[in-house]
Amino acid sequence: MEITSSRTTTARACRSRSGCAYCKARKRRCGEELPACQACRKRGLKCVYPSRDPTDRVYQYQISQGRGYHFVPIDKRSSCQLLNVTDRDVARFSDRYFDDSNGDIDAEPPPRPRLGGTTRLLTFPEINDVQNQLLQYYTEVMCKCRVFEDGACNPFRSIILPLCYGSNRSLNAVLALSANDRRTAAASAVDYTRLSLQYKNKVLKELFDSVSRADCANENVIICLLLCSLEIADEIQPVWVRHMQGAYAIMDSFSSFINNDIRSFALSYFEPRRTYLLTAGSEILMENQSHSAEISGDLMHMGCSPQVVDVVAQITRLANTKREHRQSGNSSANFEVWSYERGLAIRARLDSISHQGSSYLVSCAECFKIAAQMYLRHVIFDAPLGSTELQNLLQQFFHQFAEIRYEARTLFPMWPLFLAGCMSTTDEERKTVLRYFETVAVFWPVSNVPRVRESVEAVWKARDLGSGTRDSLDWQKAIDRLGWKLALS
């Protein structure tokens, strides 16, 4: 009886290893009640437990401070699903690498597993405690908030992390991004702003030195992507566009060297931002051929289907062609009929797009679809601002946007909210848009949300101070006057 009592007491004193995220963060024992533990219920918090499905555990990344750890592929069919293990772990448990000829696996030194094909183990670099914390922060926080819904195939984790453990250049880019995101951390002994600038300067120098090397092309594309993400969050508007242009130039110059997974990841990241940028009036990338039809992302990564992004790109190209003909005086009845029929075909394609997924993903995707419908009717079918047709769509958007349940660092449909702001004409509509901007700004303290809101307010001021005419795409003129290159993501 005494032994049983002692064990019970010890068990109660131990911190739970399978408790919820909140109790783990407080280093307190979790009651593990379902659906929510007592501590979370008492504080009105969302209670989140780690996955208890053993099939999910292999996708959980763990950053270890110990040395001798490696990333190895779990599935020989995919090099993007990785597990953090030691040499000894691989030699003991992996059927793929196990070699009976190694003898006693507990012998010292531990045997290195026999690697098949071109697979290689990626060794952890030598990093200090601050760097390890930043890397941990990127893995556990930033990777999740760079996609609409996290999963095993999140490319910010599955593609970028392996590069970090094989190259200091990628590692420095990730550290710069993490430090920049941590710069508002309260009561921190680390100057994250200075640290981010130091890492960024290293990355830029290394990128400049290697940009002409074909063997560095894949990593350079990813580095441009990370720098682009950093500058968007830092609100330095024109700089992120140059990083995007650099990534496209590398992919075009070394097309035969670019890995298909990296190209797909880069296009799914850059093409939506490029497409939305052009709707805001920037002509800086008009000379580049669109790759929107090549996007292979999904709702989890982009918040909408690739078809919606391609539709928006088609609308913009048709609108620019239509505007050029009208401004040059070359527009004719035949051209107007042709552009109208093209608009009808685009509308039919847009109407046929459906979405599947969680309620959050479907709500976000519907926001993008409604925004594309507003954009099409205004710039192609010449529906004036304030018209009944656009106001009905605007109310649909407000209703759909209100259905989204936000949490800290959850992505939201930025471009649709920007477009809704540009389409708003009444004070009530404007107040609704501002209320939504205030809501998302709370969850994104380090982001481009304030700058996008400021651009929408600038559009309203330009209209209110103008002659009263509301030309098609009048928001582009106001934003071009500011010289901003909006990242509407």
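Trainee: Arg435 lies over the face of which residue?
Mentor: The model is predicted, so local features need pLDDT of at least 70 and side-chain atom pairs count only at pLDDT 80 or more, while totals for chains, interfaces and linings use all residues. Residues are numbered from 1 along each chain as its sequence is written, and side-chain values use heavy atoms, with hydrogens and water left out. A charge sits over a ring if NZ of Lys or CZ of Arg is within 6 Å of the ring centre and within 35 degrees of the ring normal. At 5.7 Å from the ring centre, Arg435 lies over the face of Tyr436.

Trainee: How far is the charged end of Arg273 from the centre of the ring of Tyr269?
Mentor: The charged end of Arg273 sits over the ring of Tyr269. The distance from the charged end to the ring centre is 3.8 Å.

Trainee: Which residues do ring pairs link into a cluster?
Mentor: Rings of Phe, Tyr and Trp (its six-membered ring) pair if their centres lie within 6.5 Å; planes under 30 degrees apart count as stacked, over 60 as edge-to-face and the rest as tilted. A search of the whole structure finds 15 aromatic pairs. Through such pairs, a cluster is formed by Phe156, Tyr248, Phe265, Tyr269 and Phe270.

Trainee: Why is the pair of Tyr248 and Phe270 described as it is, and what is the name for it?
Mentor: The centres of the rings of Tyr248 and Phe270 are 6.0 Å apart. Their planes stand at 50°, so the pair is tilted.

Trainee: How many residues apart are Tyr248 and Phe270?
Mentor: Helices (H or I, at least four residues) are DSSP runs, numbered from the N terminus. Tyr248 belongs to helix H11 (residues 237-253) and Phe270 to helix H12 (residues 260-279). The pair links distant parts of the chain, with a separation of 22 residues.

Trainee: Is Phe270 buried or exposed?
Mentor: Buried means under 20% relative accessible area, exposed over 50%, and partly exposed in between (1.4 Å probe, protein chains only). With a relative accessible area of 0%, Phe270 is buried.

Trainee: What kind of aromatic pair do Tyr276 and Trp415 form?
Mentor: The rings of Tyr276 and Trp415 lie 5.0 Å apart, centre to centre. The angle between their planes is 10°, and the pair is stacked.

Trainee: How many residues apart in sequence are the parts that Tyr276 and Trp415 tie together?
Mentor: Both residues count as buried: Tyr276 has a relative accessible area of 4%, and Trp415 has a relative accessibility of 0%. Tyr276 lies in helix H12 and Trp415 in helix H18 (residues 414-423). The pair therefore ties together parts whose separation in sequence is 139 residues.

Trainee: How much space lies in the largest cavity?
Mentor: On a 1 Å grid over the protein atoms alone, a cavity is a set of points where a 1.4 Å probe fits but cannot get out. Points are joined across faces, edges and corners, and a volume is the space filled by probe spheres set on them. The structure holds one cavity of 30 Å³ or more. The space in the largest cavity is about 510 Å³.

Trainee: Which helix gives the most to the lining of the largest cavity?
Mentor: Lining residues have an atom within 4 Å of a point, and the largest cavity has 30 of them, with Cys145, Arg146, Arg273, Leu411 and Ser489 nearest its centre. At least two lining residues come from each of helix H6 (155-158), helix H10 (217-233), H12 and helix H13 (299-302). With six residues, the helix that gives the most is H12.

Trainee: The largest cavity lies between which domains?
Mentor: Domain bounds come from an automatic or database domain assignment. Two domains give residues to the lining, so the largest cavity lies between domain 1 (153-280) and domain 2 (306-481).

Trainee: What phi does Asp382 have?
Mentor: Asp382 is found in the loop between helix H16 (359-379) and helix H17 (388-402). At 37% relative accessibility, Asp382 is partly exposed. Although Asp382 is not a glycine, its phi is positive, at about 60°.

Trainee: How far apart in space are Ala173 and Leu226, C-alpha to C-alpha?
Mentor: Ala173 is placed in helix H8 (residues 168-181) and is buried at 2% relative accessibility. In sequence, Ala173 and Leu226 are 53 residues apart. In space, their C-alpha to C-alpha distance is 6.4 Å.

Conventions: On a 1 Å grid over the protein atoms alone, a cavity is a set of points where a 1.4 Å probe fits but cannot get out, and a pocket is an open set with protein on both sides within 12 Å along at least five of seven lines; lining residues have an atom within 4 Å of a point.
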